[in-house]
Amino acid sequence: MRTWLKVTIGIIVSLIIIFVIGGYIFYNSLTESLPVYEGELNALTLKSEVKIYFDSLAVPYIIAESDEDVSFALGYLHARERMFSMDMIRRAGEGRLSEIFGVETLPFDKMFRTVGLRKTAEMIKSKMNPEGLKLLEAYSRGVNFYIEEKTNEYPVEFDVLGYQPEEWKPEHSIIVIRMMAWELNLGWWTDLSFTELVQKLGEEKVKEILPDYPENAPTVIPADIKKFTQINNNFIETDKAFRKFIGMTGTHLGSNNWVVNSQMSTSGKPIIANDPHLAYRAPGIWYAAIIKSPQWNAAGITLPGVPGIVIGKNDNISWTLTNIMTDETDFYFETLDSSRTKYLLDGNWKDLIIVEDTIYTKDGIKEPIEIKYTHRGPIVSNIHPYNFVFNEDESTYPPISMRWLGNEFSDEMDAFLKINKAKNWSEFKSAAEKFNIPGQNFVYADFEGNIGYVFGGTLPIRPNNATTFLFEGSDSKNDWKGFVPRNELPFLFNPPANYIASANNKVIKDFKYHITNLWEPSSRIERITELLQSKSKHSAEDYMKYQEDFYSPYAKSIVPYILFAFQDAEVKDKNLEKSLQLLREWNFEMDKYLHAPAIFLTFFDKLMKNIYLDEMGEDLFNQYVFLANVPYRNITDLLQNPFSDWYNDVKKNERKTRDDVIRESMNDALDELENKLGKDVKDWQWGKLHTVTFKHAFSGASGLLDAVINIGPHEISGDGTTIFNTEYAFSESIEKYPLFRHDPFDCELGPSMRFIYDFAKPDEFYLILTTGQSGNIFSDHYKDQTELFLNGKYMKIRTDTESIETPKNKLLRLLPK
């Protein structure tokens with residue numbers, strides 16, 4: 001053999017060997033963080049052995065001899081599957097993201113340092129029930145066991161960002177709970193936006209576009225608004241940017257839940273269901289678990305970062321949740337003296353509490369911040385989403401303080417621990433009444449056949465119901481006057497209707513205390529009620545169909561206006577003629593394979609812009625439509641008036657009617673559909689526009705990387721008005737920055753899991769998550785539930801001993817010293 005050939009072959013063989021060995025080493029370095037699901041681990045702080053069985057989808061069945069060991073095991077499991085997500089949330093709440101991301105996240109850190117979540121968590125820890133604190137300490141030991149066990153072998157996200165997780169503490173779990181409250185805290189966005197609208201457009205003009213103005217705000221718009229300095233929405237924009245950054249997108253942050261009693265059940269026992277609507281992300285927010293100890297037997301979904309079952313069942317009861325949409329925040333226009341160290345209150349100058357703090361960044365920058373507090377709370381108006389670019393002085397902004405219920409003491413850990421262990425309605429109701437924030441509709445059923453509802457939340461006592469605006473802060477008349485007594489809050493037990501349902505709709509009529517002005521549109525609750533009244537008895541299989549339902553009563557109420565606007569018009573455009581025909585024949589299902597939803601929802605997008613945009617301007621328009629339930633509700637009211645001034649084109653000084661704007665919006669919609677999907681109407685299926693991608697925190701950095709870490713895109717049915725809620729963003733304000741860009745109909749939010757439980761089969765329930773149990777992108781369980789979820793399938797989870805200890809399940813034993 002010739003020398004050159006030998007050399008060539010040698011080089012090729014050597015390269016192959018290097019490539020194989022290098023690939024093996026590289027693969028091992030990436031997969032060494034993967035959890036093990038069977039074997040033994042020595043956990044020295046355990047009291048007794050803990051057995052953890054895992055099924056084929058990595059759902060754990062934790063069997064322990066004490067509650068503390070259950071909490072330890074759950075902390076360990078959460079950490080090994082979701083450590084990066086947990087660390088992001090605690091860092092965000094503490095205002096420490098910049099230590100790993102640099103100056104990009106300085107505005108978010110400044111926001112949460114100012115809001116004061118870390119300080120609030122420390123206060124709650126010092127006052128909470130000792131039993132709950134003991135479990136948080138055990139949970140922290142479990143998380144730290146993982147951190148110590150996997151030193152230098154953490155998931156790849158830690159390697160990319162170049163840091164390792166720090167010790168977990170009980171206050172971090174409290175921060176996780178409060179961050180969920182922050183995510184579901186929606187009402188305050190409108191306080192500042194509506195105030196700015198009144199300042200720009202005047203009281204009479206704005207009255208017509210406020211949600212339920214006559215009922216919920218019978219008092220006039222506060223006259224003080226007119227004398228306020230022109231406000232800004234920097235705080236809102238910062239929070240919107242943060243939500244995009246961390247993955248808290250969407251504003252239909254509600255849910256569906258319902259229960260029927262024995263008389264309406266095919267099984268002769270209550271059947272209960274829940275699907276909480278939260279931002280889509282990868283991994284999903286929930287982690288399924290079954291926990292068993294002598295005093296604590298519960299199953300359902302858990303929130304990584306916190307021990308306990310959030311939604312689920314125990315041996316006697318089941319409970320589900322939807323967001324009440326409670327108004328938990330008020331803002332106050334403060335008057336400061338020339339030194340900006342005192343504020344005016346009831347004719348006297350009061351000292352501001354001033355706290356100096358420093359934010360550290362990975363770039364080595366030390367960013368000093370000054371936080372000022374009135375008796376109500378922090379001044380938040382000098383927080384700007386891009387102030388590290390603009391570097392504006394605080395005197396640029398009028399001082400606005402914030403009072404948020406999330407900074408008050410409450411012990412949600414204790415509430416949920418007692419719910420997890422409740423044996424009957426009385427114990428459950430007592431426990432749910434300890435729950436303050438975020439306000440939740442607790443729907444209940446028990447093995448005895450009872451069903452019930454509890455208003456789980458705290459309501460401030462306000463001087464009046466006009467809470468949709470910024471308040472004058474120079475006197476104390478607008479301060480909270482305490483909290484509504486628990487015995488005055490709504491509850492329901494065994495109603496004559498034989499069912500209970502909630503979908504973030506109005507809880508109670510003519511309630512003397514203010515709850516919120518921002519109920520969700522009635523479309524979902526109307527459809528749920530229609531389905532529950534459509535037959536005398538229902539099964540778990542019926543519930544599965546209901547949770548997948550994408551019929552829109554909202555669309556049914558709007559389409560007649562479109563058809564009416566064109567009934568006497570000469571229609572020459574073939575696509576317009578075909579589109580109107582499709583709308584006439586439509587069954588109002590937001591089916592991804594149908595054409596009518598694409599036509600209707602593109603029309604609706606154009607309708608909002610043609611009504612509001614010219615008066616409001618781009619920034620205010622995007623603030624107004626950001627909370628999607630506001631335009632949804634207002635459009636239905638506005639369309640009842642054919643001659644509203646909102647239809648006029650103020651830029652062209654042209655008077656228009658409702659039907660003029662509808663025809664214009666329809667033409668605009670067809671232009672857009674033709675540009676996007678082609679001239680042939682048969683190509684305009686809704687699913688081509690409406691897709692869902694479960695996005696990883698690193699999404700957007702690279703197209704090649706996205707293909708590995710993201711799950712999707714997948715075509716999806718529904719919209720924001722269907723039981724199967726698949727919300728897309730109306731707002732585009734923050735998306736002009738590349739980091740936050742998305743396509744117009746991208747699904748951002750929807751059912752974060754689905755849960756169904758029939759008490760006739762006490763040892764099984766149905767559950768499905770959006771992605772999988774694991775947050776590790778190399779795990780087989782990172783996305784193994786997505787296809788099931790998208791196809792309306794469920795895991796059947798059995799909780800009896802024989803099913804748990806089957807040889808098909810893997811066993812991991814945690815052994816004490």
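A residue counts as buried when its relative accessible area is under 20%. Please keep in mind that this is a predicted model.

**Exercise 1. Is isoleucine 359 buried or exposed, and which residues does isoleucine 359 touch?**

Step 1: Find isoleucine 359 in strand β13, which covers residues 353-360.

Step 2: Apply the cut-off. The relative accessible area of isoleucine 359 is 1%, so this residue is buried.

Step 3: Look for partners beyond four places in sequence. Isoleucine 359 touches Gly95, Ser98, Leu106, Asp109, Lys110, Arg113, Ile365, Lys366, Glu367 and Ile369.

Step 4: Arginine 113 and isoleucine 359 are 246 residues apart along the chain, yet 8.8 Å separates their C-alpha atoms.

**Exercise 2. Describe the surroundings of methionine 83.**

Step 1: Methionine 83 belongs to helix α2, residues 67-94.

Step 2: With 1% relative accessibility, methionine 83 counts as buried.

Step 3: Set aside the neighbours within four places in sequence. The contacts of methionine 83 are then His78, Arg90, Val143, Tyr146, Ile147, Phe158, Pro165 and Trp168.

Step 4: For valine 143, the separation from methionine 83 is 60 residues in sequence and 8.4 Å in space, C-alpha to C-alpha.

**Exercise 3. Classify two aromatic pairs, phenylalanine 112 with tryptophan 182 and tyrosine 332 with phenylalanine 471.**

Step 1: Recall what you need. A pair of aromatic rings is described by the distance of the centres and the angle of the planes.

Step 2: Searching the whole structure gives 46 aromatic pairs. For phenylalanine 112 and tryptophan 182, the ring centres are 5.4 Å apart and the planes stand at 65°; an angle over 60 degrees counts as edge-to-face, so that is the label for this pair.

Step 3: Check burial. Phenylalanine 112 is buried at 1% relative accessibility, and tryptophan 182 is buried at 0%.

Step 4: Turn to tyrosine 332 and phenylalanine 471. Their ring centres are 5.8 Å apart and their planes are at 35°, so the pair is tilted. Tyrosine 332 is in strand β10 (residues 329-333) and phenylalanine 471 in strand β18 (residues 471-472), so the pair ties together parts 139 residues apart in sequence.

Step 5: Tyrosine 332 is buried at 0% relative accessibility, and phenylalanine 471 is buried at 5%.

**Exercise 4. At roughly what angle does helix α18 cross helix α19, and at roughly what angle does α18 cross helix α21?**

Step 1: The axes of α18 (residues 553-566) and α19 (residues 574-585) come within 10 Å and cross at roughly 140°. This angle makes α18 oblique to α19.

Step 2: The crossing of α18 and α19 is left-handed. Val559, Ile562, Leu563 and Phe566 of α18 make the contact with Leu576, Leu580, Leu583 and Arg584 of α19.

Step 3: The axes of α18 and α21 (residues 629-638) come within 11 Å and cross at roughly 35°. The crossing of α18 and α21 is left-handed.

Step 4: In this second contact, α18 supplies Tyr554, Ser557 and Ile558, while α21 supplies Pro631, Tyr632, Ile635 and Thr636.

Definitions and conventions. Residues numbered from 1 in each chain as written. Predicted model: local features only at pLDDT ≥ 70, side-chain atom pairs only at ≥ 80, totals over all residues. Heavy atoms only, no water. Phe/Tyr/Trp six-rings, centres within 6.5 Å; stacked < 30°, edge-to-face > 60°. Buried < 20%, exposed > 50% of the residue type's maximum accessible area, 1.4 Å probe, protein only. Helix = DSSP H or I, 4+ residues; strand = E, 2+ residues; numbered from the N terminus. Axes fitted to C-alpha atoms, helices over the stretch in contact; angles between N-to-C directions. Parallel < 35°, antiparallel > 145°, perpendicular 65-115°, else oblique. Left-handed = near helix turned anticlockwise from the far one by under 90°. Contact = heavy atoms within 4.5 Å.
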